[in-house]
Amino acid sequence: QVQLVESGGGLVQAGGSLRLSCAASERSIGGYAMGWFRQPPGKERKFVAAISRSGVYLEYEDSVKGRFTISRDNAKNTVYLQMNSLKPEDTAVYYCAATGTGAEHNAYRRSTDYDYWGQGTQVTVSS
């Protein structure tokens, strides 16, 4: 069982930046592909970004390409989501997810591909 804890959310003005962190309880997250999802108020949870176990392959939802960057530090058992040029429509609860299945170079976009989830962290972008 992997426990994931997100942090780094908060209130920021449009155009600002935040860096979310996802700390894993597992001794080494090197064996897990990781992803970030978000759920705006009253809407479904949707994919944001993903990173393969190898860290080589990355996937992004179209609206965040060029603004968000996912990365991982296996030595710290942490995955990050650097969010720049934030917009009000980025307002949501952001969730971290992990899966230990699949190939080393796969990055997964579907929520059903993930086995473990964090509790979420709120990001609010004011206009």
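Asp-73 counts as partly exposed because its relative accessibility is 25%, between the 20% limit for buried and the 50% limit for exposed. The model is predicted. Asp-73 belongs to strand 7, which pairs with strand 8.

**Asp-73**

- Asp-73 sits in strand 7, a strand that covers residues 68-73.
- Its contacts are Thr-78 and Tyr-80, once neighbours within four places in sequence are set aside.
- Asp-73 and Ala-92 are 19 residues apart along the chain, and their C-alpha atoms are separated by 24 Å.

**Strand 8 and its partners**

- Strand 8 spans residues 78-83. It is largely enclosed by the rest of the structure, because five of its six residues are buried.
- Strand 7 and strand 8 run antiparallel and are joined by six bridges. Within this pairing, Phe-68 has Met-83 of strand 8 as its bridge partner.
- Strands 7 and 8 form a hairpin, with four residues between them. Asn-77 lies in the turn and has a positive phi of about 55°.
- Strand 3, residues 18-24, also pairs with strand 8. This pairing is antiparallel and has six bridges.
- Arg-19 is bridged to Gln-82 in strand 8.

**Strand 9 and its partners**

- Strand 9 takes in residues 92-99. Seven of its eight residues are buried, and the strand is mostly covered.
- Strand 4, residues 33-39, pairs with strand 9 over seven bridges in the antiparallel sense. Met-34 has Ala-98 of strand 9 as its bridge partner.
- Strand 10, residues 116-117, runs antiparallel to strand 9, and two bridges join them. Here Ala-98 is bridged to Tyr-116.

**Thr-121**

- Is Thr-121 buried or exposed? Thr-121 counts as buried, because its relative accessibility is 11% and the limit for buried is under 20%.
- The Thr-121 side chain reaches the backbone nitrogen of Gly-9 at 3.3 Å.
- Residues up to four places away in sequence aside, Thr-121 touches Glu-6, Ser-7, Gly-8, Gly-9, Leu-20, Ala-92, Val-93 and Tyr-94.

**The largest pocket**

- What is the volume of the largest pocket? The volume is about 200 Å³.
- Its lining consists of Arg-38, Pro-40, Lys-43, Glu-44, Lys-46, Phe-47, Glu-61, Ser-63 and Glu-89.
- By class, the lining residues divide into six charged, two nonpolar and one polar.

Note on methods
Residues are numbered from 1 along each chain as its sequence is written. This is a predicted model: local features need pLDDT of at least 70, side-chain atom pairs count only at pLDDT 80 or more; totals for chains, interfaces and linings use all residues. Side-chain values use heavy atoms; hydrogens and water are left out. On a 1 Å grid over the protein atoms alone, a cavity is a set of points where a 1.4 Å probe fits but cannot get out, and a pocket is an open set with protein on both sides within 12 Å along at least five of seven lines; lining residues have an atom within 4 Å of a point. Grid points are joined across faces, edges and corners, and a volume is the space filled by probe spheres set on the points. Ala, Val, Leu, Ile, Met, Phe, Trp, Tyr, Cys and Pro count as nonpolar, Asp, Glu, Lys and Arg as charged, and the others, Gly among them, as polar. Buried means under 20% relative accessible area, exposed over 50%, partly exposed in between (1.4 Å probe, protein chains only). Two strands pair if DSSP finds at least two bridges between them. A polar contact is a pair of N or O atoms within 3.5 Å; within protein, one must be able to donate a hydrogen and the other to accept it, and residues adjacent in sequence count only if both atoms are side-chain atoms. Contact means heavy atoms within 4.5 Å.
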